[in-house]
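Here is a friendly note to read alongside the model. Please keep the structure open and find each residue as you go.

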Amino acid sequence: MSAVPTDSQTSGRKPLEGPGITHVAHYFPPTSLDNDELRQRFEFKPDFLEEKLGIERRYVAAKGDATSDYCAQAVNRVLEKSGVDPGAIDALVTVTLNPDFIMPHTGALVQSMCGLRKDLASFDVQLGCSG
């Protein structure tokens, strides 16, 4: 079997070439709260968070930690998992609703924290909850 799909396997479409996402990783802080813990502190219907938002657990940043700290953990995980040389990374996209600062953007901080090339494309996308 070929590692590259043939035309018959892709309905005549050519495989994608060029830039793309090849690896993904995440990092959650060690402390989390489930909905039962929140129900003890706030008044809402028992199944509200699960039914309305699909949330069962949320993670809580430690005092003094910033978004860039957790992003750097994720970048280091993906580098370790993939075996990719940090010098081979051409772009870093950071998606968050909680940037460390307005300027510099969080991606630039992560880029520096992880020792990534200074000439790679790095930017933030601010994305909020649609729930």
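This is a predicted model: local features need pLDDT of at least 70, side-chain atom pairs count only at pLDDT 80 or more; totals for chains, interfaces and linings use all residues.

1. Arg 39 is partly exposed, at 22% relative accessible area (partly exposed lies between buried, under 20%, and exposed, over 50%, using a 1.4 Å probe and protein chains only).

2. Residues are numbered from 1 along each chain as its sequence is written, and side-chain values use heavy atoms, leaving out hydrogens and water.

3. Where do Arg 39 and Asp 36 lie? Both are in helix α1 (residues 35-41), 3 residues apart, about one turn of the helix (helices are DSSP runs of H or I with at least four residues, strands runs of E with at least two, numbered from the N terminus).

4. Next, look at Asp 90, which forms a salt bridge with Arg 117 at 3.3 Å between the closest N and O atoms. Asp 90 sits in the loop between α3 (67-82) and β3, and Arg 117 in the loop between α4 (106-113) and β4, so the pair ties together parts 27 residues apart in sequence. Asp 90 counts as exposed at 54% relative accessibility, while Arg 117 is partly exposed at 26%.

5. Arg 117 also forms a salt bridge with Asp 119, the closest N and O atoms being 2.7 Å apart. Asp 119 is exposed, at 60% relative accessibility.

Conventions
A salt bridge is a side-chain nitrogen of Lys or Arg within 4 Å of a carboxyl oxygen of Asp or Glu.
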